[in-house]
Amino acid sequence: MLNIVACFKWVVDDADIRVDTGSRKLNVDKAAYKISAYDRNAIEEAVILQEKHGGRVVAVTVAPPGAKPCLKDSLSRGPDSACFINDPCCADLEPSQTAQILARAISSKMDYDLIICGEGSGDIYAQQVGPALAERLGIPCLTWVNKLSCNVDERRIIAERKLEDGVEVVSAPLPVLVVVLPDINAPRIPSLKQVLGAAKKPVENVLLEDLGSIPGARLLTTDVVAATMDRRRIKFPADADGVREAVNALLREGVVS
Amino acid sequence: MDFNLTEEHQLIRQSVREFCDRYVCPIADEVDQEPRFPAETVKKLAEQDWLGIPYPVEYGGAGSDYLSYVIVVEELSRACATTGFTLECHSCLAEFPLFKFGTEEQKKKYLTPLCKGEMLGSFALTEPGAGTDAAAGTTTAVLDGNEWVLNGSKIFISNAPVAGVIIVFAMTDKSKGTKGISAFIVPAGTPGLEIGRHLNKMGIRGSLTAEVYLKDCRIPKENLLGGEGQGFKIAMMTLDGGRIGIAAQALGIAQAALDESIKYSKERVQFGKPIGTFQAIQWMIANMATEVQASRFLTYHAAWCYDQGLPYSSQAAMAKLFASETATRQTDRAIQVHGGIGYIKGTKVERLYRDAKITEIYEGTSEVMRMVIAGGLLR
């Protein structure tokens, strides 16, 4: 039996972001929101382990009250219940604040063996909430995990970590926090019965004020603009010499080697 | 009045889009061009509980509503009209008559495996000499002891080559005209049931459409669906609901044409500017978007009427008429926006243009839709 917490973030759908060509400012006025794609892997992995070992999965998010549609969305993906920590100020938290809020909610309200987070959020992709949350809870943290199994009898998790220079297999005692990579699984597409059943699952509504005061932000975002890519606009003739020239140019730039 | 979809309906749309991105879009061109029936996708449709959406859970359905079904057909058709239609034909034409007119035993035996996706269903009404004029059908059914003996031939029967069961309409008393038509449940593999050649179509090319022959085809007496002589009523009621599904298919095709046109008009540069900055293109896009939205409102309204238990025959006819003609018109415009590249095989709008036309024809032509609408008004 495993009690698993899967953390997720409700983020703006990047396909809906519009960029003002002059100022390069991002316009999200008409954008829809969705569960961060990386966090879908976290939810899916939690559900896979629960299906294998039994237990319960709770999906947890910290979000503004308007993010309520995220609850049925997350529950349709398999968790047994959801915990909705909400406050208008949660629209714009920095990772350290999110980690602190999650730590307080999880330590005060949940029995857990395993916490699973996605690689990073789909919006700011700071990759800090998972490790910071583990630190605040005082439990081991395994990052870059692309394969996960559990020895329930020995109460240990076994994880394959995909590192730049190879694969590392590690084991840690429960409770533990795991940060999973997108290639760990292909998140299930909720079936119709799962969508309809989501409304019947319990949701714990937690107000931020119930968790005590949260320290102010330490980062000041002064501006957000779209990245631009300057094109070289180099033209090559469509003949054999042109092809050689193009290949040499790519080699010089390090695009191919 | 609330034009918002419920959270569930929005999630269903999101699920179908995810499904299409993963499984339908990558093979849509191949399904069209080979052509081939997307059997692997149909299996996955069952896993998503989409093969019996508006039917009760006790019969293997999802226990949802017609609007959910419409959203699924719309989104599948937006990616691949063949896939959308395969589901429509199965859900409306085969499952509906069993659900509405079947005995408890018939529902358990045939509707349940259909809803669970253990087999596909088909509907055989049209004959070479009896299209819109169903009363001109020559297929007969004669009771011989405890068996019905069916003889005749059917044409343009969708899903027939892959169906586990076919709802077949036949004359039990020719002298009574439409009141002499009865409906029968004919399982695949019944001796005397033969599936003829696969017809080579202009669009929805992956959908299997065939001739069906009945040669002394004997089925048990209890396979009569509804009462004797109720066949025409069963067929017409089935087609009323089916038309909402075809409207949804047409809507999906038209939406895809609009999507492709918007995308291309932002990318394609002529005279130093994206063509979307030219008024000629803008007006085409504006007209397309307006007609697509009008089609959506008509289609969703017809589904809503169905769900509310209100009359929906005229609403279904209006939705199908407008959405199908919109699909034909707007896929034509989409090719115009694309110019030469839109005429080339492998371009999505070229496929959409061919897929759209059938929506004006099957399950009642546009002319029949106008008859139904006018009939309701001038009665």
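## Ground rules

Two residues count as in contact here if their C-beta atoms, placed from the backbone, lie within 7 Å. Keep in mind that this is a predicted model.

## The sheet in chain A

Let's start with the strands. Chain A has an open sheet of nine strands with mixed pairing, and reading across, the order is β11-β10-β9-β12-β8-β1-β6-β7-β13. At the edges stand β11 (166-173) and β13 (203-207) of chain A; each has a single partner strand, so one side of each is left without a neighbour in the sheet. From one strand to the next, the twist averages 30°.

Zooming in on one pairing, strand β9 (residues 141-151) and strand β12 (residues 176-180) of chain A run parallel and are joined by three bridges. Within this part of the sheet, A:Leu142 has A:Val178 in β12(A) as its bridge partner.

## Helices across the strands

Helix α4 (residues 129-137) of chain A lies across β8, β9 and β12 of chain A, at about 65° to β9(A).

Helix α1 (residues 37-53) of chain A lies across β1 (2-7), β6 (55-63), β8 (114-118), β9 and β12 of chain A. Relative to β1(A), helix α1 runs at about 170°.

## Where chain A meets chain B

How many residues does each chain bring to the contact? Chain A gives 12 residues and chain B gives 15 residues. On the side of chain A that touches chain B, the elements giving two or more residues are α2 (69-75) and α5 (192-198) of chain A. The largest share of that side, four residues, comes from α5(A).

Note on methods: Residues numbered from 1 in each chain as written. Chains lettered and ligands numbered in written order. Predicted model: local features only at pLDDT ≥ 70, side-chain atom pairs only at ≥ 80, totals over all residues. Pairing = 2+ DSSP bridges. Axes fitted to C-alpha atoms, helices over the stretch in contact; angles between N-to-C directions.
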